[in-house]
Each structure stands twice: as C-alpha cells, then as structure tokens.
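Here is a short report on one chain. It starts with a helix, then turns to the sheet and a helix pair.

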Amino acid sequence: MKSIQQFGEFCALIRDRIGVELPEQSRESLDTFLASRTKELGYQSIVDYLQSLYHIEVSDPQFQELVDVTTNGKTLFFRHFDQLKDIRDLMVHCWKKNNRPPSVWSAGCATGEEVYSLAMLADEAGVPADILGTDVCKTSLLAAEKGCYGGWQLENTGRSLPNRYFTKYNGQMTVIDAIKHRVRFQQHNLLDSDYPRPLEGCWDIVLCRNVFIYFHRDTVLRVLEKMKNRLAFHGMLFISPSESIYGLHDRFKLIKVGENFGYKLLGPGELLDEKPEIRPPVNQAMWLIPKSISSSQSLQPQPKIDTVFVEKPKLQDEKKIPTLMRQAVEAHQRSDFLHAVVHLKKHIELEPADWIAKVTLGNVYMMIREYAKSLEQYVAALDSNPLSAETHFFLGLLYRKTSQWDQAITALKQTLFLDGSYWLAAFYLARLYAACGQHRLALREYQHTLHILGSLDQKKPLPLKSALHELGDVQRYRQDIGTVCRSKLKELSG
C-alpha cells in the first residue's frame, strides 16, 4: 500500500508540474527509481525526497533530471510523413494567401527532428516559414540546437533526403546552417500560463504531435484553451494520427486537410455543427489519452465531457500472446531472425502496450543491423513506459554501436538515474568517456562500476526483462568486468 501511495504522489507531482500522466506499467520501474534517488541524494526516506521536489522549479537542474526520464525525448525524422506532406502544402497555401511567411510552432519538439523536417519541407517548397520548436526538457533542446544525428536515423523515413541539408562526417549527419537559421528553439512548459508568439501575429499552424497521448483530458483542455489564444482564427492544430481531441473543445473543428485530418480554430462567433461533416478516422483513438493516476487522496471528480470515443479494440487472440513470444525466442535460437521479427510484430499487434516486447523487437533489429527500425521500437517502448531503465540502456547500446557517443552517454546516464544497480551501464559509460578522451569521468565510472558490483548480491542478475539481445549471459562475465575495471583504474591513475 505504501508503494502504491508513493507512486500516486509522484504521478500527481509530475502531472501537476509538466502535465505528463505516468502509465500504470511504470510502477515497478518507479519503485526502483525512487529508492535509488533517495539513497543517492542522502534523504532519510522516499517521502522526504518527494517533499523536496515540491519546492523547486521545473527549470531547476534537479527537476530537469526528472523531466529527462519522465518524458519521451526520442523521436524520428519525418514521423507520420504523409501528414507532414499535407502540412507542407498548407504552408504553401498560407504563404500565398497571407502574402507573408507562415508561422509554425512545433510544441513538444524533443530533439528537433520534427522542426528540421518542417524546415526542409518548407525549403523544398520555396516557402520562407517562421518555425519554432519548444520542449520542457532542456537536454532535448540542447541536442536539437546542435542538430547532429546518425545517418542511420534517416534510413526509415520513407523518403530520401537531399544531401544538401546535411554535412557528413564519420557516420554523423549535422543539419546545415542554412536550415538551422530557418528555425529557433525555446524551452517551454505547456502548463505555463504564457505561451510563445510568432514573429508576427498569431500562429498559422501548430503541431502538438505525440504529446496529448501523455496528458489527462483535463490537462489537454487547459492546453487547448491557451493554444486558442495564440492560434490565428482558422489556423490549424495537428496532432498525431494515434490521438484525437474530437469534440473536446467547441472552438476546434475536425476537418480534412489533404489526405489527413487537422483541427481548425473557429472564430468567436462560430459554433461547431451539431452534426459535423466528418468523424474521426478509426485509427484516431481517444483511449490513448490516459486516465489520471494518483493517490486516492488526490483523486478529484472529473467533469463530464461530451466526447466521441473510439474504443480500444478488444483482443480476440489473447491466448496467442505467450505462444508468439515463445515462437520468437525459438526462431532466434535457430538464427531465423525474419520469423523472430514476424512473431514479435504479431505479439505487439495483439498487445500494443507491451513495452518488453517492443524492446525485444528493438534488440532483434539491432542484431541484424536494422538500426533505424531498432530506434523506432525503443521510442515506442518509451511511449508505453518512459521510466524503463532497460529501454534507456539498450538505447545507449544502440547509440554506442552507431558511434553516436553523446546520445549514448545521455541514455546510459538516464539508465543509472532510473536504476542505480545497472553496473553494465556504468561500465559502458566508463568506456565511452575513455574513448572520448574524458579520462577523469572514465576513472569515476570505472570506480562506480566496482562500487555497484561490490554492493550487490553476487547472485542477483542484471534486471533485464526483454530477450533476444547480444549480451548473452552477463552474469557469466561479471567477474571479468570487475577485473577490467581494476586494470583500467590502474592504467588511468598511472
């Protein structure tokens, strides 16, 4: 009961400060995380640690550490590309109609891929757009401003990118200055009262994609109310194809835009039709906007909202789920990676919230060097459980394997932040620091690895729930890693 109450209190804190609803499946990860942070920061109890968080601002470095791990800062170039093409055409239309550059705001832009995708599409169309990207996470924004990505991250975009938009070096692709100068980034919390403005007037287009999926509907309503005051009349709001705000606010009308859908802001004197021309497509499901998770003390009665819901489809083949996972493992043991992928995909189709299966599929893709698809699965796993240390760990290995050292370091640090027992994350972090020439930090992490190994039960395995990874039996070479750490410490200290 105490664990449930602490989970509720932490969820309420995160919801109240940045709007994010932590999913129920995060509870086990959160228990480990809270215990680890309480010990590391020297608090007497988890309650004391939670109380301290109420007295610091969201922009405070300590709270930003929480933001790093409770928000999914991973995204992809040209995600939902068909929708982006229609947004590009809308930018062209706005430019011609208003005789000025269209203004576009990407809210919740993470590490900047969406913002740069928009800028590249605008450039291809010859449109001088004013594009702003905002996010609550400072770490993500620093990565966005840097604009440096792995070439493999562009492999699964569904289109070929002109080489003129990047400079390439040693497997890295950096967005050229001409595109960087087309965009700007700013830290912004969607729960703040003050919302950003374009260079002129109000926003013509706002993208808030894969954001509302993390918010309770009351939070979505608050955000829509504030967005309404920054969006031009008949301006457009776009969310992802897996989300819907249909009927949630009487000033946002669902309309078709090209082959996709968006929400047009109606003027003050306009009313939504009683019988709208269209209804949400079946893949736009309101069940993706989560119900509130909190302690019993903080639960408040929610107002009734006349909203059209598309129910989550009931699983017809639940008995197949364990069978499919077993078949995937058996296929992997035969080195039949194709059928391992097929079985895992079918499993995820039947159980879309199963983050362990998504990590497992990401592991398989990493083994067969389908790195872009591996990243896609790890991002999807974080959508389901943002507090999974294991997902961050394998992301770190993916970035390390593809020479994305900065991203690898960040992911492994997040792993240890969530679960301090991940000695293998500390070990890989030490090796990365050494490879980057940061010997002092490498020395610290080799010491950290030995400290973790010394404090754990020798029989306790690394807490991995996914399968089909390249690590094999990590318990078997645990002692060897201790020997390597001691050797490296002697070498770096000499």
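Eleven of the 14 residues of H13 are buried, so this helix is largely enclosed by the rest of the structure. Buried means under 20% relative accessible area, exposed over 50%, and partly exposed in between, with a 1.4 Å probe and protein chains only. Helices (H or I, at least four residues) and strands (E, at least two) are DSSP runs, numbered from the N terminus.

This is a predicted model: local features need pLDDT of at least 70, side-chain atom pairs count only at pLDDT 80 or more, and totals for chains, interfaces and linings use all residues. Residues are numbered from 1 along each chain as its sequence is written, and side-chain values use heavy atoms, with hydrogens and water left out.

**Helix H13**

The buried set of H13 includes Tyr-371, Leu-375, Tyr-378 and Leu-382. The buried residues pack against helix H11 (337–350), helix H12 (355–367) and helix H14 (389–401). Contact means heavy atoms within 4.5 Å.

Seven strands form an open sheet in the order E6-E2-E1-E7-E8-E10-E9, with mixed pairing. E6 (183–187) and E9 stand at the edges, each with a single partner strand, so one side of each is left without a neighbour in the sheet. The twist averages 25 degrees from one strand to the next. Two strands pair if DSSP finds at least two bridges between them.

| Strands | Sense | Bridges |
|---|---|---|
| E9 (252–257) and E10 (260–265) | antiparallel | six bridges |
| E1 (103–107) and E2 (130–135) | parallel | five bridges |

Lys-253 has Lys-264 in E10 as its bridge partner. E9 and E10 form a hairpin with two residues between them, and Gly-258 in the turn has a positive phi of about 65 degrees. Ser-106 stands opposite Gly-133 in E2.

**A helix pair**

H4 (residues 61–70) and H15 (residues 405–418) pack at about 105 degrees, with their axes 10 Å apart. Axes are lines fitted to C-alpha atoms, for helices over the stretch in contact, and angles run from 0 to 180 degrees between N-to-C directions. H4 and H15 are therefore roughly perpendicular to each other, a label for angles of 65 to 115 degrees. Glu-65, Leu-66, Asp-68 and Val-69 of H4 meet Gln-414, Phe-417 and Leu-418 of H15.

Methods
Parallel < 35°, antiparallel > 145°, perpendicular 65-115°, else oblique.
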